[in-house]
Amino acid sequence: GTLSKNISMLRSIKILDLADNDLKGNIPTEIGLLGDLSYLRISYNSFVGEMPSTFKELSQLQTIQLQSNRIIGAVPLSTDVQLDAGQASFISDCGVPTDFEKVLICDNCTMCCNSQDNCYPTKNISVQEIGYKNYLQFIWVFFVSILGASCVLHIVSFGYGEYQKRGRQAVLTNSSDEESRGDKDRDKKYALETVGLDSVYMFFVTNSIWGWLVALATMAVQLGILFIFLEGAEFDLSDDLSDWVYTWKCPRDRDSCKDTTSVSWRGWLCFAILMAAHLLKDLVNGTKLLVLSGKQRHSVRSRIRFFCGGMFLLTISLFTIFVTTVYNMAIATSNTALIENSVIVLFITDLDEMLYGAMLAINRRWVTVKTTEEDRQQQNSEDGRLKIVTAENEEIKADMKEIQIEMEKLRGIVERMQSAQDGAPDKSFNIATAQDEGPPDDGPPDGGGNSATTQDHGGSHDKGNTDAMDTVIGRGISREGSS
């Protein structure tokens, strides 16, 4: 049926509940004559067309529920209306998606429902409560805050370095310059390890111009994707581009609404653990780079690189945490959904490492970073020590070979001496003796002279062999001891 114009006869009525009665047609303009009406519930019907302009004459209304109809245009409301406290005091079909070309305009509604009978309160979100229109307006303040905090940390590090420098001036030594150079090289190496040798962000602490371009482009892509998620999390119940999930239900049989989301503190605890496990390292490392940027022992360019690298790490990490938080507040309806959304957004932060892997696979030289002076000196020192050890080994080998030859000679001499003492003929000994002594002298023909000569020669030869043996043994022992 329809709502009759004769409703104007109910001038004193205060409560009118016609919900879920399959009423059709337009809402009659005579409804504006019900001046004492304080409770109006005509939800879950099939009213069409625009709200009559006389609706704003109902200044005593405290509860208005118009959802699940086919009303278009705007809902006029008296400025004298004082709605009841609560989410369900003024409900209409001002949410999306909608079945019409334009969504119903209701500036004073406390709850907006969509064509799927899902609803959500119109209360301001946190950034709106502090004076910002939406997240996109607030985020620039967020970035400026990160820049300001980075500058403060840099200044504090610089001031602390000045304080330490003045305390060391009285004890400076000649080796201070060498120590300073060593500290610089260690800081540069530490900076590379801090950013990560498996990320294109390592180029922020190098001199490579094309490396900086690659790192900046990667950062721009990550920020651009995160901005898409941020736009999806915007709280605008009349915007089709918003991903905001309507989690409230307003049943047909009651005038109250309830939130159906099941997100609890356990889900947010898991969310915090995921954020800390994935981003805490980058937050700490970014802070350390900012501290390094305040060290005066580095050149201005190096300090600028350290400052930019640290600030960019902090920006990406903090922006990821912010976007993941507000996006989950917008669409998460359960603990598992909250964790799933977090993992999806965190995947974006791995783009720098994935790009590094792709560049490494294409051409390793693209991601090769020059070694520091300390690395080169260490490499040269190791090469020098290796050459010294190799030369010593070669010298030992030559000495051992010489000792082996001497020992072979010594063994032959000992064997010949043993043969002479046993009275056994030793041709090799006689031949050697003959060669050493030369041709025999023409002595007396009698046997006594020959015998004496033979004995003299034999005695002198034995003594010579003994001296030679002692000499060889001594040399062998000496060489073995030195080796």
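Contact here means that heavy atoms lie within 4.5 Å of each other. Keep that in mind for the close-ups below, which come from a predicted model.

**Figure 1. Helices α6 and α7 pack against each other.** Let's start with two neighbours: α6 covers residues 300-331, and α7 covers residues 335-348. Two packed helices are described by the angle between their axes and the distance between the axes. For this pair, the angle is about 145 degrees and the axes are 10 Å apart. The crossing of α6 past α7 is right-handed. Which residues in α6 and α7 meet? On the α6 side they are T320, T324, N328 and I331, and on the α7 side they are A337, L338, N341, S342, V345 and L346.

**Figure 2. I139 sits in helix α2.** This helix runs over residues 135-168. Is I139 buried or exposed? With a relative accessible area of 0%, I139 falls under the 20% cut-off, so it counts as buried. Skipping residues up to four places away in sequence, I139 touches F227, L230, F319 and F322. Take L230 from that list: I139 and L230 are 91 residues apart along the sequence, yet their C-alpha atoms are 9.5 Å apart in space.

**Figure 3. N118 lies in the loop between β8 and β9.** The strands on either side of this loop are β8 (111-113) and β9 (119-121). N118 has a relative accessible area of 16%, so it is buried. What does the side chain of N118 make a polar contact with? The partner is the side chain of K249, at 2.5 Å. K249 also turns up among the residues in contact with N118 once neighbours within four places are left aside, along with C112, C113, Y246 and W248.

**Figure 4. Strand β4 pairs with β2 and with β6.** Here β4 (residues 46-50) runs parallel to β2 (residues 24-25), and 2 bridges join them. One place to look is G25, whose bridge partner in β4 is F47. β4 also runs parallel to β6 (residues 70-72), this time with 3 bridges. Find G49 and you'll see I71 of β6 opposite. While you're looking at strands, here's a handy rule: in a regular strand the side chains alternate between the two faces of the sheet.

Figure 5. Most residues other than glycine have a negative phi, and most peptide bonds are trans. You'll find S68 in the loop between β5 (63-65) and β6, where it is buried, with a relative accessible area of 18%. And the peptide bonds? The one from V96 to P97 is cis, with omega near 5 degrees. P97 belongs to the loop between β7 (90-92) and β8.

Figure 6. The chain averages a pLDDT of 80, and 77% of the residues score at least 70.

Notes:
Residues numbered from 1 in each chain as written. Heavy atoms only, no water. pLDDT = per-residue confidence, 0-100. Helix = DSSP H or I, 4+ residues; strand = E, 2+ residues; numbered from the N terminus. Buried < 20%, exposed > 50% of the residue type's maximum accessible area, 1.4 Å probe, protein only. Polar contact = N/O pair within 3.5 Å; in protein donor to acceptor, adjacent residues only side chain to side chain. Pairing = 2+ DSSP bridges. Axes fitted to C-alpha atoms, helices over the stretch in contact; angles between N-to-C directions. Left-handed = near helix turned anticlockwise from the far one by under 90°.
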